[in-house]
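This report describes the fold, the core and the backbone geometry of one protein model. The sequence and structure are shown first, and the discussion follows.

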Amino acid sequence: MQITKFLTYLLISSFILIGCSNDDDNTPNNQSQIANRQQLGSDNSANDLLSATNFTSLAIEIVSVQGFAPSATAVNGFRDFLQERLFKPDGITITQRSVPSSGKAPFTITEIAEIENDTRTLFNEESEITVYIYFADGSREDDTTEQVTLGSAYFNTSIVIYEETLRRLSSRPRAPLLSSIETATLNHEFGHLIGLVNLGTELQSQHEDEDDEGEPNNHCNVSNCLMEAAIQFGSGMMGMGDVIPELDPQCIADLQANGGR
Ligand SMILES: [Zn+2]
Ligand SMILES: [Zn+2]
């Protein structure tokens, strides 16, 4: 990983609520595992998830630490989002199971990737593509009192949701329902896996947001879009009520041009 890119990801992860980052420290040990452990935004990954060209079905493996599983409402909302945007004629399945705590919280992405190594069981096979989502019993290590990360997409088919952080957020006064925060975070992180914004899915119009230094940051500059970067405690997630943010027309146009619905 190039250092500038690494710094960009660090910046994204530390300054926005829903972060994104990637990491490739772990060595996969077979072809299929290699295919599932590419850098975020690499090669054909977004198209593989969006279209039926190479994969006609999608299997999502949700692995949660005991007591930290997402609500059924959130999983249903996430499934609806996937069905709305992806072409998977042979279906989208979501399996869930729980595992004991790793005892490693708070987490670095390297630690999350190690946990994935130990707990992921589904890898791409024939016409089925797979995605791993880990619901962690702790926060991200670089969270501060002002800014926390709710989730990260860290490989081309891997997501972590910091469920303990979501629960703390939802217990604040006037916070959205936990299930709404979970759905928004799942949908946002999956948005990165399908190449948003300019992360493996080509821009059809200029709507990529920039950070304070003017660098593009793989988020959308349309306010209230699901892929907006500035979803933060005060202004974004806390202010969204129980309406789940949706993709704006420009993000949808990008997906459709890359094989999505
Ligand atoms: Zn993001
Ligand atoms: Zn957008």
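This is a predicted model: local features need pLDDT of at least 70, side-chain atom pairs count only at pLDDT 80 or more; totals for chains, interfaces and linings use all residues.

In total, the protein holds 8 helices and 7 strands. Of its 261 residues, 48% are buried. Among contacts with a separation of 6 or more, 73% are between residues 24 or more positions apart.

**Nonpolar core**

In soluble globular proteins, nonpolar side chains tend to be buried together. Here the largest nonpolar core has 59 residues, and Tyr134 and Ile161 touch the most other members. Leaving aside residues up to four places away in sequence, Ile161 touches Ile133, Phe135, Ala136, Leu150, Gly151, Leu166, Thr185 and Leu186.

**Backbone geometry**

| Site | Feature | Value |
|---|---|---|
| Ala105 and Pro106 | cis peptide bond | omega about -5° |
| Leu196 and Val197 | cis peptide bond | omega about -10° |
| Asn198 | positive phi, residue other than glycine | phi near 60° |
| Asn224 | positive phi, residue other than glycine | phi near 75° |

Where do these sites fall along the chain? Pro106 is placed in the loop between E2 and helix H5 (109–119). Val197 lies in the loop between H7 and strand E6 (208–210), and Asn198 is also in the loop between H7 and E6. Asn224 is found in the loop between strand E7 (216–220) and helix H8 (249–257).

Why is Asn198 classed as partly exposed? The residue has 19 other C-beta atoms within 10 Å, whereas a buried residue needs 20 or more and an exposed one has 12 or fewer. Asn224 is likewise partly exposed, because 14 other C-beta atoms lie within 10 Å.

Note on methods:
Residues are numbered from 1 along each chain as its sequence is written. Chains are lettered from A and ligands numbered from 1 in the order in which they are written. Helices (H or I, at least four residues) and strands (E, at least two) are DSSP runs, numbered from the N terminus. Two residues are in contact if their C-beta atoms, placed from the backbone, lie within 7 Å. A nonpolar core is a set of buried Ala, Val, Leu, Ile, Met, Phe, Trp, Tyr and Cys residues joined through C-beta atoms within 7 Å.
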